[in-house]
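Reader: Before we discuss any labels, could you set out the criteria behind them, and then take the assignments one after another?

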Amino acid sequence: MTSVNKKRLRTARALKALGLLIGLPLFYLAAGVAGSLIPANSDWREPEEGVTILVRTNGVHTWLMLPKVAEGVDWRPLADPRHIRDPRYGRGSHVAFGFGNRDFYLNTPTWADLSLSTALAAAFGRGPALMHVEHEHQPRPNEYQTTLTLRPEEYRRLAAHIRGSFVLDASGKPVPLLGRGYGPADIFYEAQGSYNAGRTCNEWTGEALRAAGVRTGIWTPFSPSIMWRLD
């Protein structure tokens, strides 16, 4: 092979790599938008009465805030106040559930702690997952969280999906990472399954809403994928 041909080959490989570097994120974004726009449970309409939950976002991550006791569902045995740093917060009326990448959850307590490698791994990689549970008292809707009312049977299906996300020990109890949380009122638990680009924290929220029967996108990898239908 001549030096000219070698140079052309190197150039072609570089262009191919550049195309993949640019094309894959664009394809992922386009697929996420399409999945968000195509609805599952398209006939669903929010009832006027039922169990009111909150869907919360920080702009990147979504999670679900539920009453601790409603329609025969009692979260207190699962979200045991003795697991958190200050059990007094366990007296709160609600508990929030979120799903996420283990490394991101444990090593990024604030956005200032976010590294490029962790961000890329969380966005496009894969790895073990954790459930994040936070106790709160009488949450109110605001710019970061909005209410959603479910029929009793829908709420019970939602609850079943959330319960199924936890790893349980031989006695049927969740497995907490004691001492690990962002503050006095939250903690992480071992989760079923893994985190990856196809099953992000927001897609987990979408899975839960679809399991309940709520109208939401067929694939919801981004926070806006969830929140735009609730505004």
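Author: A residue is called buried when its relative accessible area is under 20%, exposed when it is over 50%, and partly exposed in between, with a 1.4 Å probe and protein chains only. The model is a predicted one, in which local features need pLDDT of at least 70 and side-chain atom pairs count only at pLDDT 80 or more, while totals for chains, interfaces and linings use all residues. Residues are numbered from 1 along each chain as its sequence is written, and side-chain values use heavy atoms, with hydrogens and water left out.

Reader: What makes the contact of arginine 102 with glutamate 190 a salt bridge?

Author: The term requires a side-chain nitrogen of Lys or Arg within 4 Å of a carboxyl oxygen of Asp or Glu, and the side chains of arginine 102 and glutamate 190 meet at 2.9 Å, N to O. Arginine 102 lies in helix 2 (residues 102-107) and glutamate 190 in strand 9 (residues 186-196), so the pair ties together parts that are 88 residues apart in sequence. Helices here are DSSP runs of H or I with at least four residues, and strands are runs of E with at least two, numbered from the N terminus. Arginine 102, with a relative accessible area of 25%, is likewise partly exposed.

Reader: Which other salt bridges does the structure contain, and how many are found in the whole structure?

Author: The search of the whole structure finds 10 salt bridges. Among them, glutamate 203 and arginine 210 meet at 2.5 Å, N to O, and both of these residues are buried. Arg56, Glu134 and Glu136 are linked in a network of salt bridges.

Reader: What makes you say that the buried residues of helix 4 line one face?

Author: Helix 4 (residues 152-163) has 12 residues and reaches 16 Å from its first C-alpha to its last, close to the 16 Å expected at 1.5 Å a residue, where the expected span is 1.5 Å times one less than the number of residues. The buried residues of helix 4 are Glu154, Tyr155, Leu158, Ala159 and Ile162. Seen down the axis of helix 4, they fall within an arc of 140°, so they line one face of the helix; the arc is that of the directions from the helix axis to the C-beta atoms.

Reader: Why is threonine 205 called buried, and what does it touch?

Author: Threonine 205 has a relative accessible area of 0%, and therefore it is buried. Threonine 205 is placed in helix 5 (residues 201-212), which is mostly covered, with 11 of its 12 residues buried. Not counting residues up to four places away in sequence, threonine 205 touches Thr62, Trp63, Leu64 and Ile226, where contact means heavy atoms within 4.5 Å. The C-alpha atoms of threonine 205 and isoleucine 226, 21 residues apart along the chain, are separated by 7.7 Å. Just after helix 5, glycine 213 takes a positive phi of about 100°.

Reader: How do you know whether serine 223 is buried or exposed?

Author: Serine 223 has a relative accessibility of 4%, and therefore it counts as buried. Serine 223 is found in helix 6 (residues 223-227), and the residues it touches, leaving out those up to four places away in sequence, are Thr57, Gly59, Val60, His61, Thr62 and Asn202.
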